[in-house]
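This report gives a short account of one protein chain for a reader new to it. It begins with the chain as a whole and ends with a single residue.

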Amino acid sequence: PGLKWILLLVERHSSFSFLLMPPNDKKGSKALLPKFDAKHREEWLKAAASSNSSKNLDVVLSNLGRSASEIGRFKTETFEHIYDSIGSEVEGTDLARVLVVRNEKFGRKTTWFLAFITLGIFLCFRPRDDDTVCVLTNNGRVLQLKVERPSCCPAGPLAQFFVFMKYVIILGLIFWGPILLQCALTGRSVGLQMQILHLDVNSIADLPGFVQAHRLFSAGVIVALFCWIRTLLPHDYRDRSRRRHMVREVSAAQYRIWGWSCCRRSNMKLFFGTYPSQAVLDFAGKLGNAACCGPVPPSTLSTSGRPAASAIIVGLTLFISILNGVDTAISWGERSVTMEHAAQMALFCASTDEERTCNQPACQDWLTGQDFKINPAFCKEIYWETENSLDCLRFMKTAPCCLGCTKGAYEDMTDEGTWATAKDVLSLITDVGTLLFTLVAARYALGLNVSADCIDVIIKRRSKTSLQMEIAKFDNTHPVCTDFMESVFESSILNSGGTPTDGADPLSGGPSTAAKFAQQQHGTQALDGDDGTKWSGVMNFQMDAAKDWEQFFAEEKLLSKSTDIFSSQVRIPRKALGIGENEKVLAAWAELPLFPFNMSIAEFLGGGLFYDLLPVGKTRHIIVVTSQRVFYVRYRRPSLPFNFLGVSLRVDCFRHDSEVWFGLMYRTRLNPLHKLLHQTILRENFMPGAVAFQTRFGALHIGRQHGECVDVYNMISQLSRNTQPDFMDIDALKAAGLNWERCQEGIQANLRSITPTLYGIIPQEDDGVQPSAMVKLAGSKEQLIFHASFRDIGSTRVGRYTNTDIVITSGRLFLWERNVFKKFDCQACCYWLCCWNGLLNLISSPLHLHNSCSFFTLPSLLSFSTDLSVDPPSWFEPHHQPLRCDRIDHCTDRLTRCLRCDWSRAPQKSAMGWCPRRTGPGASTKLVWRLRQSSHAAEDFVITHNIRPFVTEEVVESDAEDVYRHIGIGNKGMDPRLPDLAEHHEEILEALRRILGQAQA
């Protein structure tokens, strides 16, 4: 019975450090807590037992098969721990969700073993366990109290070695310090002093007699050793952190599971305010290569945005590396030239045997007769040595001999010259660049440190035993942690002003019904224009009823076999991911890897190729989009087929609340190897790209390299339903003077209806990019209002011009921007050959030119501006020179049409002569939209587009028509609006001003 009581005490209590704890330690640790009597404690615990959190724990643990007694013990330990920790800050009735985690420093078997080999001394050194308390209150507050105590033994082997060496050094100083001090005072040697103290090998047997003879010295050593051991005893040293956040500000979360089955680990992080940076999320480990979803700085989406800090650091790193490489190459090159010159100088001393020829004039005469490019100043150091034969041996001679060549070579090497000056300048730039890079990296690191303020909970499994506390069992706290994260996001809807879709309270604690789950499982419909069975689409998924991740990975996989051999169906564990009953799954897809694998240099050096080449254990990437959040799931099965190794999982969760006010899609192209393997050999038909969007929490980027990026963009377009799709009043627009009939005619002529809520923009005749833009309406309330298209011919040094389409609905503004190759023109043949790479354009496909679609919501518009710029003609612009001859233009136009094989009739002018005429000025208009930024953005969000050439009263319309015609878009059959350019441009600006002005009003 005594032994059993001791074992129970070891398991139930955090440590036996209280045996040697100072008397006032417990008082000091609780001095900050108010003194409540036993009656208040009993009332608080009784109120907590009837709160929503107690009902929720009953539901969560009963679904896991826990008995009533186990649930009762878990709730008792949880509420008692909450009362002892933060009972003075929250009432028992105010508990909506609770999470209490106790992480044992040492497991049961480890504690027994260490206590046995140390004869129980380990129980005195064993630190207390780590505790974490998280509480979600009914009024929308999230509180965390985290206590971390230092361990007596570090976790890493290198750290353990250094700690062991530290203790050995301290023990050696305690023992050898007095001996060395005595040797210094008396002048004796260490061996003699050890012999006098009877501490040598022969006197070890006389140690008891020595102790009796030198009681004072022995007592001093024992006292010092005791004091040192006394300082190592735990005094409840700890790091205590408190966090208080409002649940309405939760923006993102991260959930991880890793480790073997015997030492499983789980970690949950809740971020508030804005999305954390990708570097903060990657502190937990990337878990594979080529991440396809993550936060980006909002400034990268803006036209006037600055590059991100990570891009600056990468650029500076490459710049400094190049400078260091150049500096090193110059140094070695200079060294090789110097060594060659030194060898040539040594030839003079080696070939001189007489004293009359060993002087400066003779050296200069010898140098004149040689074909050497060396500095003749080394001849000043030449002299005749008559005594020292050692120096003469360098030239295989004996004294007397001619010397001074070596010293002359050294003086020549240290002489300041052009190379030395260039090297010093380059070294100065390198040093300054290194300092700047250090400052930027330090600032970036400080930014990571500041942004790491979050709710952080880690759960550890040390052992599986019934003697553990219930709050220390991994199988209990792990599902409670997942439910806590789900409840935080559900509560954020209510506390941010939203309401659940069915009018129910998501934190009521009631069990979910089978009918709701069936509706969640089958209630999702395919997106307009997207086939749910298409392998490259975003609707190939199925819901799963697994209760936690361990059960899900034991029974199912995130990817299951589908009817298509190239695809896999995504299985979504709703409960394990924390998707609530009021949250609807809109889309889910797997980002299948491309072969050869996409991998950066850093990922390759970090062992990424090892994981990619293994037959098992590859990382899978799955993205799930719901009506409230975006989930990015990465999981990796063990590299060896052993179940005890465990599955590694990382889930990044980002909140959007269906309030996306800006979305962007741009097309990317596959490299030749990927295109050959996937699209040519395997006959896979998909268009890769990337999608980015912005919410009030920040900006997210989703890469779709192995699938249809258009489906992702259309799905993101539906996430702006909570941003007033009927924001614009049609009657108010008509009253403001908008020509409604003309706007509807433009919409019918330039948009085609695919479904009632999906429209496709009809491309221009000169467009060659794919895919074409689509306008996905948020619902029946959103109506099409206006369409316009214009061009920007850009700079004469660029071989592409830009086509832009604008579509305005009652809630949003859509933009489609794409590039087109400039065609051959005789007047611009030099630009076509040299600057436009026209010969390469003949064999290049226009499908992969820049192609981007974007939209923003009208409520997010802060201002709309137009800037008109009128520029004089230039001799460097082939189609807009100061003087032009109509006859020459007509001849070059005929020649151009002949070379293009264009046999259509050229437009005839009323009068053409050989007399040069003066060309009018050129104009361009910049359209500027300024949007609202996220809550903590550093600069404005600006979108700009240009109309060039723009026809105004100062600009002759025929000149603009000539510019269009010479680049291949001037025929009436290609664009019927070209004869009315002035009216067309003014109509666009007038309609935009009226519509957007009404939106701002």
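## Overall make-up

Helices (H or I, at least four residues) and strands (E, at least two) are taken here as DSSP runs, numbered from the N terminus. The model is predicted. The protein chain holds 32 helices and 32 strands.

The chain has 1001 residues, and 47% of them count as buried. Its accessible surface is about 49,800 Å², with 59% belonging to carbon and sulfur atoms. Where contacts link residues at least 6 apart in sequence, 70% of them join residues at least 24 apart.

In soluble globular proteins, nonpolar side chains tend to be buried together. The largest nonpolar core here has 119 residues, and L270, W549 and I572 touch the most other members. Helix α18, residues 474-495, gives the most to this core, namely 7 residues.

Another core lies apart from that one and has 38 residues, including L733, W929, L931 and A991.

Beyond its neighbours within four places in sequence, L270 contacts A252, A253, C454, I455, F484, M485, V488 and F489.

## The loop residue G799

G799 sits in the loop that runs between β24 (784-792) and β25 (800-809). Is this glycine buried or exposed? G799 has a relative accessible area of 6%, and buried means under 20%, so G799 is buried.

Which residues does G799 touch, leaving out those up to four places away in sequence? They are V820, F821, K822 and W836. For K822, 23 residues apart from G799 along the chain, the C-alpha atoms of the two are separated by 5.5 Å.

Key
Residues numbered from 1 in each chain as written. Predicted model: local features only at pLDDT ≥ 70, side-chain atom pairs only at ≥ 80, totals over all residues. Heavy atoms only, no water. Buried < 20%, exposed > 50% of the residue type's maximum accessible area, 1.4 Å probe, protein only. Contact = heavy atoms within 4.5 Å. Core = buried A, V, L, I, M, F, W, Y, C linked by side-chain atoms within 4.5 Å. Areas by Shrake-Rupley, 256 points an atom, 1.4 Å probe, with all protein chains shown as cover.
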